[in-house]
Amino acid sequence: MMKIKTFGLLMIILLSGCSSLPFNQNQTHTIIDWVDFVKLNGNMYTSDWGIVLKNENNVAEEVGEVSFTVDEFVTDPGYRTKDGDAAFLDIGTKLYRVNGFGTDELIAVADDTRVNGYKLYIQDQFRSSMIKLYDEIPKGKVNSIGLYHDNESKPYKTLTGKDINKFIKLLDDGVDSPNYSPYMKNGDPLYYLMVFNTDDPIGYSFSIADDSQNVFFHPDGTRIVDNEIRDTINE
């Protein structure tokens, strides 16, 4: 989400349908801090890093396109979003249906920095039915785990077979450490993306990081994983 510095009392206005707006507004200014949304057929969708497209072939037909980009152009806090509006997507960006989902649930847009070249947007009311936490993943149904560098669309390594079980066991056996602060003396931690794939057309993604002292991820809070996992996440 783009961050805009404002001064005064910050009010968070939550959106629901066409009668409200997806932004944070300063009480004394009209600068708006938009969430990454797009609106189609009366439905509001917001982007989500937690789900990714399993395969680019799961993108189906075009269902719409962006006709107006509100960021930097809309300063009226009373503005009502309309079909075709998006926070940051360029005008003309195509919107696509995802196989296995209705257009009132999930849509995709091309983005070569996301897994398999697409960014997914979840319809706001449908979001509550999606997997959000690591422990909610049906691990017995995971048939591959893709490991990705940040902002790359293709995995540098894919785990299958017994390697899946070994990797998941290392994650599950980690020690929950909610107060852990990453070791920063050697610079920022190295971040990777883990994508858990089942037979569904979408995968479930979580970041995992190595700060040179520990490897950790965030199933809910912070969990430190045995350093043995480095043998897997390293190329």
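The model is predicted, so local features need pLDDT of at least 70 and side-chain atom pairs count only at pLDDT 80 or more, while totals for chains, interfaces and linings use all residues. Residues are numbered from 1 along each chain as its sequence is written, and side-chain values use heavy atoms, with hydrogens and water left out.

**Strand E17 and its partners**

Helices (H or I, at least four residues) and strands (E, at least two) are DSSP runs numbered from the N terminus. Strand E17 spans residues 202–210. E17 is mostly covered, with 8 of its 9 residues buried; buried means under 20% relative accessible area, exposed over 50%, and partly exposed in between (1.4 Å probe, protein chains only). Two strands pair if DSSP finds at least two bridges between them.

| Strand pair | Bridges |
|---|---|
| E6 and E17 | 3 bridges |
| E16 and E17 | 7 bridges |
| E17 and E18 | 3 bridges |
| E4 and E5 | 4 bridges |

Individual partners can be named in these pairings. Ile51 has Tyr204 in E17 as its bridge partner, Leu193 stands opposite Ser207 in E17, and Ala209 stands opposite Phe216 in E18. E16 and E17 form a hairpin with 4 residues between them. E17 and E18 also form a hairpin with 4 residues between them, and in that turn Ser212 has a positive phi of about 80 degrees.

Tyr191 lies in strand E16. With 41% relative accessibility, Tyr191 counts as partly exposed. The C-alpha atoms of Tyr191 and Phe217 are 9.5 Å apart in space, and the two residues are 26 apart in sequence.

The hairpin of E4 and E5 has 2 residues between the strands. Asn41 lies in the loop between them, and its phi is near 50 degrees, a positive value in a residue other than glycine. Asn41 counts as exposed because its relative accessibility is 52%.

Asn151 is found in the loop between E13 and strand E14 (157–159). Phi of Asn151 is near 65 degrees, again positive in a residue other than glycine. Asn151 is partly exposed, with a relative accessible area of 44%.

**Helix H1**

In helix H1 (residues 162–172), the buried residues are Ile164, Phe167, Ile168, Leu170 and Leu171. These residues lie on the same side of H1 because they cover an arc of only 155 degrees around the axis, the arc being that of the directions from the helix axis to the C-beta atoms. An α-helix has 3.6 residues a turn, so residues three or four places apart point the same way. On the other side of H1, Lys162, Asn165 and Lys169 are exposed.

**The largest nonpolar core**

A nonpolar core is a set of buried Ala, Val, Leu, Ile, Met, Phe, Trp, Tyr and Cys residues joined through side-chain atoms within 4.5 Å. The largest one has 36 residues, and those with the most contacts inside it are Ile145, Phe167, Leu171, Met194, Phe196 and Ile229. Two or more residues come from each of E6, strand E11 (106–110), E12, E13, H1, E16, E17 and strand E18 (215–217). H1 gives the largest share of this core, 5 residues. In soluble globular proteins, nonpolar side chains tend to be buried together.

**The largest pocket**

On a 1 Å grid over the protein atoms alone, a pocket is an open set of points where a 1.4 Å probe fits, with protein on both sides within 12 Å along at least five of seven lines; lining residues have an atom within 4 Å of a point. The largest pocket has a volume of about 540 Å³, the volume being the space filled by probe spheres set on grid points that are joined across faces, edges and corners. Its lining comprises 31 residues, of which Trp49, Gly50, Leu193, Ser205 and Ser207 lie nearest the centre. The elements that give two or more residues to this lining are strand E6 (51–53), strand E12 (118–123), strand E13 (144–149), strand E16 (190–197) and strand E17 (202–210). By class, 17 lining residues are nonpolar, 7 polar and 7 charged. Here Ala, Val, Leu, Ile, Met, Phe, Trp, Tyr, Cys and Pro count as nonpolar, Asp, Glu, Lys and Arg as charged, and the others, Gly among them, as polar.
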